[in-house]
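The entries follow the order in which I looked them up.

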Amino acid sequence: MCGIVGYIGKKRAVDVILKGLSYLEYRGYDSAGVALISNNAVHIYKAPGKLSNLKEILSQEKEENINANIGIGHTRWATHGLPTEVNAHPHHCNCGSLTIVHNGIIENYKDLKPDLEKKGCKFLSQTDTEVAAHLIAHEFADTKDLLKAVQNAVKKLKGAYAFCVTHKTMPDRIIAARKNAPLIIGVGEGENFIASDIPAIIEYTKKAIYLSDNQVAEIKTDSIKIYDKNNNLIANKIENLPFEPIALSKMGYKHFMLKEIHEQPDVVRNVLIDKIKSENLAVVLDDVKLSKEQLTKINRIQIIACGTSLHAGLVGKYIFEELTGIPVDVEASSEYIYRNTIADENTLVIGISQSGETADTITAIKQAKEKNSHILIITNRKDSAMARLADSLLPVNAGIEVSVAATKSYMAQLLSLYLLAIYMAENSTKCNNSSLIKEIKKELLTLPSKLETILNDTKNIENIAKKYSSFKNFIFIARGINYPTALEGALKLKEISYINATGYPAGELKHGPIAMLDETMPVLAILNEGVVYDKVLSNCEEAKARQAKLIGVTNFIDEKHKNLFDDAVIIPEIPDIVSPALNIVVLQLLAYHISEYLGKDVDQPRNLAKSVTVE
């Protein structure tokens, strides 16, 4: 959460910063600001709301004030204080010489604040970040060295932070520091960049240094010096960035979300390539470092994740238990970390996160590592903090996902869980599902073409979306492996349209939720031909008897039930165990088109951020 961009070089800093921040708005868009140093003066510009508000302010500013070659910028997701101009970053010391932008939470800011107030600091905002600005300024007053000031200050900070600091008297450098929050340094020629994520700098450089926890960096136009927590200078480890600038283009689609939904057939191909070559050949997962002996000893699997990734994990539970016979617990990371969880060296702990920087999941993974469990990470970012904690890694290869609401990364997570379950079953002496495994592999290989069948003709889904866009509440129901699909479909609708949508196991409808049903409460049922089909149909009959509008998402409706549904979306034929990968695309499209009809901000829904780096 929160986007940081810093620049020092020959270009006009404000242009680089604003463009970078526009690619980071998915990390927060409550407010935005920049601090520039020009003509021996610091110029700070801030605005509540979207980045466009800040751009409007800067467009009216005198050229000499913004024609700087050094600056830092920020787009905020509010944690402390309302999203107002005064709470927006950058923050500064009382004299205005020192400025800071910050991502994370300084947990001990209330403890530090009284002492700083006694020293004469005047606090203007409600933020924790302003404490860091005053603290570093006091250290600078003693050392007259910005690097040393930051190094001294961070030793007094607790919590999570990634920040950039500038000072008027040292306009040739930016100091950056990181602990439990992502920060990268883009390496250029005669210029350097700092950002909280790759999209901000990929247009300018393909080389970067990933700061690690407790490191502090001094960045100048022609040098980068990085120091460890003991203030020792360490060697720079420059890595090549994995993305292309074209990934940040909408490619003619109205929204990034729609583009990313339509990218899913190719995402599936990217996930499967070199892993499944044929239904008759074993799955290959080179980055999974589990020997056959270790696999034999695993007697429990724990999946920990948040949000959409949690729903992928719930689908994974069905797959693992069906194919491996190993019991699986799936738990929200935020709950996992606050209880005494049962795990040991025979427990496989799977952490799932699109960004690989989800704070709750990182904390949970660290706890599991302390119990000697094998840590396997499924993430879209193999350069992330979670990936660096992994004993085994499954990078999902979904590419940059700009829209805040996850779509293609969810698909990639699902596919990765199928692959992992098959891999574990094929390498286990206990496996007795060889025919089912072969069927799943065959279906996964044909999945891209079936997804394209849905995506090539969405008119029916668009019409259903328009018909139901005025409803204020929704219920999603399913059974078995598609119950998590109902949860994810409801979440998508909530996230981007603000309609109150709830997912339920279909059998639970009569145990409470049925009280809400009438003609104002649409019920969307996911039902695929298989063992639970007739049971879900019975639950649909119960809903219809209460006058609820009924939408079916299915691969089969028999003749006697064809008039049961007010509307239906028919997906291609697919076995029930693989059907979540098709059903979710229908629900993503339905949520998208409802939101679009309502005129909502599809890619940047209110109050949300894509990478949640605070607990």
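Before assigning sheets, I noted the pairing criterion: two strands pair if DSSP finds at least two bridges between them. The model is a predicted one.

Entry 1, the parallel sheet. I found an open sheet of five strands, ordered β17-β16-β18-β19-β20, with parallel pairing. Its edge strands are β17 (328-332) and β20 (392-395), each of which pairs on one side only. I read an average twist of 20° from one strand to the next. I then looked up β19 (residues 374-379), which runs parallel to β20 and is joined to it by four bridges. Ile378 has Leu394 in β20 as its bridge partner.

Helix α14 lies across β16, β18, β19 and β20, and runs at about 160° to β18.

Which way does α14 run relative to α19? The helices α14 (residues 408-426) and α19 (residues 580-597) pack at about 170°, with axes 10 Å apart. Because angles over 145 degrees count as roughly antiparallel, I recorded α14 as roughly antiparallel to α19. On the α14 side I listed Tyr410, Met411, Leu414 and Tyr418, which meet Pro580, Ala581, Ile584 and Val585 in α19. By class, this contact has eight nonpolar residues, no polar and no charged ones.

I found seven strands in an open sheet, ordered β5-β6-β7-β8-β12-β13-β14, with antiparallel pairing. The edges are β5 (91-92) and β14 (233-234). Two bridges pair β13 (residues 224-227) with β14 in the antiparallel sense, and Tyr227 stands opposite Leu233 in β14.

Terms used:
Residues are numbered from 1 along each chain as its sequence is written. This is a predicted model: local features need pLDDT of at least 70, side-chain atom pairs count only at pLDDT 80 or more; totals for chains, interfaces and linings use all residues. Side-chain values use heavy atoms; hydrogens and water are left out. Axes are lines fitted to C-alpha atoms, for helices over the stretch in contact, and angles run from 0 to 180 degrees between N-to-C directions. Angles under 35 degrees count as roughly parallel, over 145 as roughly antiparallel, 65 to 115 as roughly perpendicular and the rest as oblique. Contact means heavy atoms within 4.5 Å. Ala, Val, Leu, Ile, Met, Phe, Trp, Tyr, Cys and Pro count as nonpolar, Asp, Glu, Lys and Arg as charged, and the others, Gly among them, as polar.
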